[in-house]
Amino acid sequence: MAMYRVQFGGYLIEATAFHLPGDLWQPRLTMTRVPGPGVLGKSQAFPGLGPAFQTAKEAARFAADLGRRLVDERSARLKV
C-alpha cells in the first residue's frame, strides 16, 4: 500500500489508500499539527475521500495534494 508522510507548513501530512471492493483505492488523509512552544499537537482525519482510484499510489498522491492545499489555503475544513 502506498503511503506519503511529510511535514509541511506546521503540519504532518499522512496520506494513504484503503483498498475497496472491485480493485479500487480510496484516499485517506490525516493531518497532525506539529507541537511546539505554546502549541499542542492535534490530529484530524479525513476518511472516505473521493473519488476512487485504480492504484494505491494515485489515491495517496490525491490525499497528499489535498493536505498541502488545505494548509496553503488555510482552509476552514482544517480544524486543527
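Glu-14 is found in strand β2, which spans residues 11–20; strands here are DSSP runs of E with at least two residues, and helices are runs of H or I with at least four, numbered from the N terminus. The model is a predicted one, in which local features need pLDDT of at least 70 and side-chain atom pairs count only at pLDDT 80 or more, while totals for chains, interfaces and linings use all residues. Residues are numbered from 1 along each chain as its sequence is written, and side-chain values use heavy atoms, with hydrogens and water left out.

Glu-14 counts as buried because its relative accessibility is 19%, the limit being under 20% relative accessible area (1.4 Å probe, protein chains only). Its side chain makes a polar contact with the side chain of Arg-5 at 3.4 Å; such a contact is a pair of N or O atoms within 3.5 Å, one able to donate a hydrogen and the other to accept it.

Turning to the sheet, 4 strands form an open, antiparallel arrangement in the order β1-β2-β3-β4, two strands being paired if DSSP finds at least two bridges between them. The edge strands, β1 (3–8) and β4 (42–46), each pair on one side only. Strands β2 and β3 (residues 24–33) pair in the antiparallel sense over 10 bridges, and His-19 stands opposite Trp-25 in β3.

Terms used
Buried means under 20% relative accessible area, exposed over 50%, partly exposed in between (1.4 Å probe, protein chains only).
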